[in-house]
Amino acid sequence: MQTNSLYQEVILDHNRKPRNYGTLEHASHHAVGHNPLCGDRLDIALQLEHDLINAISFHGESCAICKASASMMTTAVKGKTRVDAEALIDEFRDMATGKMDLNDPHHLGRLTVFSGIRDLPTRVKCAILPWHTLHAALNSMTSVSTETDDEPTQAITGNHT
Ligand code: ZN
């Protein structure tokens, strides 16, 4: 399968030139995601206007898989509605955890390079963390961890002040 070399090429490319990397001025939503198993820590900020993701950026300390996933996520959801972004979050999670049949209709596009991650259980959380953090940001939860619950979408540590 060429999927493997494409995967490596995409990961390398997004690590060399991460898209939408940095901080965002005038962010309306923001969350920090943490994956203690790997040490990934991501800060995602976005600007939601009329339910449309106008701008999004990320920064933090993370492994190559997490960084590439975050970079691709920001380009995938930029310009999308909140509802479409949430649908993509669900699809990505289902793909990464092996719950999705890629022959079924989906909107993942190039994100399917991450489909092989399902065979690497220790890296699944690295790939999902950015999506998980985006979900938290969209729902005004400021902090999220992959290790607070078995179900990633519910693994929310309510750090509300
Ligand atoms: Zn990682």
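This short talk covers a zinc site, a helix and its packing, and some backbone angles in one structure.

Colleagues, the model is predicted, so local features need pLDDT of at least 70 and side-chain atom pairs count only at pLDDT 80 or more, while totals for chains, interfaces and linings use all residues. Residues are numbered from 1 along each chain as its sequence is written, and side-chain values use heavy atoms, with hydrogens and water left out.

I begin with the metal. The zinc ion is coordinated by Cys 38 (SG), Asp 40 (OD), Asp 40 (OD), Cys 63 (SG) and Cys 126 (SG), at 2.2 to 2.6 Å. Donors here are N, O and S atoms within 2.8 Å of the metal (3.2 Å for Na, K and Ca); water is not among the atoms, so sites may look incomplete. Along the sequence, the donor residues follow the spacing C-x1-D-x22-C-x62-C. Cys 38, in the loop between S1 and S2, and Cys 63, in the loop between S3 and H2, are 25 residues apart and link distant parts of the chain. Helices (H or I, at least four residues) and strands (E, at least two) are DSSP runs, numbered from the N terminus.

Are these two cysteines buried or exposed? Cys 38 is partly exposed at 34% relative accessibility, whereas Cys 63 is buried at 16%. Buried means under 20% relative accessible area, exposed over 50%, and partly exposed in between (1.4 Å probe, protein chains only).

I turn next to H2. This helix has 14 residues and reaches 20 Å from its first C-alpha to its last, close to the 20 Å expected at 1.5 Å a residue; the expected span is 1.5 Å times one less than the number of residues. Eleven of the 14 residues of H2 are buried, so the helix is largely enclosed by the rest of the structure. Just after H2, Gly 79 takes a positive phi of about 90 degrees.

H2 (residues 64-77) packs against H4 (residues 121-138) at an angle of about 35 degrees, with axes 8 Å apart. Axes are lines fitted to C-alpha atoms, for helices over the stretch in contact, and angles run from 0 to 180 degrees between N-to-C directions.

Finally, the backbone. Most residues other than glycine have a negative phi. His 26, however, has a positive phi of about 60 degrees, and is exposed at 66% relative accessible area. Asp 51 also has a positive phi, near 65 degrees; this residue lies in the loop between strand S2 (40-49) and strand S3 (52-61).
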